[in-house]
Amino acid sequence: GHTLDTQMATSAAVKPSAWLASAPRAAASSHRRAAAASPTLSAAGRRARSCGGHAAARVTCVTRAVTNDEMVGAATASDTAEDAGPTQVPRAEGVEDGEWSALDAELVRRSMQDATDVYEKSLPANGVRGVASAAKAPRGPSDADADASASDAASSSSSIFSAAPAPATFPLLGLTLDELKQFAADNGLPAFRGKQLRDHLYGPKPARTVDDLISLPKDIRAALTAAGVSVGRSILHHKVEAADGTTKLLLRLSDDRVVEAVGIPATEGGKQRLTACVSSQVGCPMRCTFCATGKGGFARNLAPHEIVDQVISLEEHFGTRVTNVVFMGMGEPLLNIPNVLRAHEALNSEVGIGARHITISTVGVPKTLERLAGARLQSTLAVSLHAPNQALRETIIPSAKSYPLNELLNDCEQYFVATGRRVTFEYTLLAGVNDSPDQARELGRLLYTKRLASHVNLIPYNPVDDAPDFSRPSRAAVHEFRNILEELNVPASIRQTRGAEAAAACGQLRNSFQKNPIMMAGAELAAAGAGAAAAAGVA
């Protein structure tokens, strides 16, 4: 990882603010969760895989470029999205470029409420209540494991084997071993069935359907399916590979909305590293001016299983384990903090990604750093600044109006005091906007004064068709900016551009499918219909 500047150590003397006054410092377990966001979960069941790629990821991605003729008008009402197709994410009616408004603030509030709703549905207890009485009783044992069948047959009347099918589904992916054991117990199955589920979900050949859970008797699988239980995998709809090996997967969710996940292979210090850049939302309501995703609207938050699936899908594509995860894809992770934390737990304890190899990025959402600090993660927090002062930041990041730069940096300072974990900063360099030598000096003095001179990742702007007013600075300007920061004792690095050919470089993670419904050709549609009929046993 990055070396912590010696000046950062003086932050320990800073008196915590009220929201962190009672928070333990640095020594808490990496698996504890803030009570308001997620229950405390055990780290038991970590997949036995070696951990490589010790350096923090230095290449990430945020949005994807689309052509101007694909752009949906800003005045399009979000209520029409369903009529137009579930893959469209137009802006809500009344949302326009420019100053942050009361409507923007209300949409952010709604997105956070949606995150809470999604989180509640993902909890094992709530999910089990939704399916516990949803399946018909199996007719009898169907595998050769007599002892296991006897245990399974002891299921109670409140288990999944006792009633009529439920229309809703409850995904198993994203649950930890302890939760899967509890799921089994709540449905009258022995605890070892929970471990079998874990092995199928996170093993070398991850299951895609309930029928792939072959360690379970056939009748149990049938009952799970009838109860509305699913594995929770997304469908690979499209993929694009760049010459440098960077690969972008377009994943189609259960409601036909789409998100992108990017895999970035690299070699560092003689070790192979695979970084997964994952999305946390479908769309984004934050409206960052240089970000293609921000030019569209917001549809919904991703559930834990939809986040975890992105990493597993990338592992399947590359045929190797992911070593680093960065929450820098579509969406603002801290608007979806409860589900990001649940996904973080599963990625750490079950998929086997070391906590210090996970980075959570944010442009800044009021009051969320307190919640994140309460989770006691050992992961890295990356804050997107993009400007050295409040006035300029509001023009680049309109939501900064509701979260002034000074308040954001004060909260970053308190985050370090509470957790002992450094905060890194992201700074996208926009030619003629925020890349001058004077602005570099202003940024350096600001971070040094705030005792936040930990590390700045400089990201040369990657052109996005939706933001034609911005351009990439010259190589000389980028290096001069970095040199000035380092002269002011602020460590800085220049992020390597990866995946530009696949529109998967930093600043380009967006897909035209968000704006245009997924259309199937006649032959493809017929084939899909035939496949569905065969799966239903009517073909």
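1. Quick convention before anything else: helices (H or I, at least four residues) and strands (E, at least two) are DSSP runs, numbered from the N terminus. With that, aspartate 256 sits in the loop between strand 4 (247-252) and strand 5 (258-268). Its phi is near 75 degrees, a positive value in a residue other than glycine. At 31% relative accessibility aspartate 256 is partly exposed, where buried means under 20% relative accessible area, exposed over 50% and partly exposed in between (1.4 Å probe, protein chains only).

2. Keep in mind that this is a predicted model, in which local features need pLDDT of at least 70 and side-chain atom pairs count only at pLDDT 80 or more, while totals for chains, interfaces and linings use all residues. Residues are numbered from 1 along each chain as its sequence is written, and side-chain values use heavy atoms, with hydrogens and water left out.

3. Arginine 451 is another one to look at. Its phi is near 55 degrees, again a positive value in a residue other than glycine. For background, most residues other than glycine have a negative phi. Arginine 451 is in the loop between helix 13 (437-449) and strand 13 (456-460), and it is partly exposed, with a relative accessible area of 36%.

4. Now the overall picture. The protein chain has 15 helices and 14 strands, and buried residues make up 57% of its 539 residues. Take contacts (heavy atoms within 4.5 Å) between residues at least 6 apart in sequence: 75% of them join residues at least 24 apart. The accessible surface (Shrake-Rupley method with a 1.4 Å probe; for residues, only the protein chains shown count as cover) comes to about 21,200 Å², and 54% of that belongs to carbon and sulfur atoms.

5. On to the largest pocket, with a volume of about 1,200 Å³. Of the 40 residues lining this pocket, the closest to its centre are Thr169, Pro171, Ser230, Ser254 and His305. On a 1 Å grid over the protein atoms alone, a pocket is an open set of points where a 1.4 Å probe fits, with protein on both sides within 12 Å along at least five of seven lines; lining residues have an atom within 4 Å of a point. The volume is the space filled by probe spheres set on the points, which are joined across faces, edges and corners.

6. What supplies the lining of the largest pocket? Helix 2 gives the largest share, 5 residues. Elements that each supply at least two residues include helix 3 (124-131), strand 8 (298-301) and helix 8 (304-318). The lining divides into 14 nonpolar, 14 polar and 12 charged residues; here Ala, Val, Leu, Ile, Met, Phe, Trp, Tyr, Cys and Pro count as nonpolar, Asp, Glu, Lys and Arg as charged, and the others, Gly among them, as polar.

7. How many disulfides are there? The count is 0, taking a disulfide as a pair of cysteine sulfur atoms within 2.5 Å. For cysteine 288, the nearest cysteine sulfur is that of cysteine 291, 5.9 Å away. Cysteine 288 is buried at 11% relative accessible area, and cysteine 412 is buried at 0%.

8. Last, valine 365. It is in the loop between strand 10 (358-362) and helix 10 (368-374) and is buried at 4% relative accessibility. Leucine 334 is 31 residues away along the chain, yet the two C-alpha atoms are separated by 6.7 Å. Leaving aside neighbours within four places in sequence, the contacts of valine 365 include Met112, Met286 and Tyr403.
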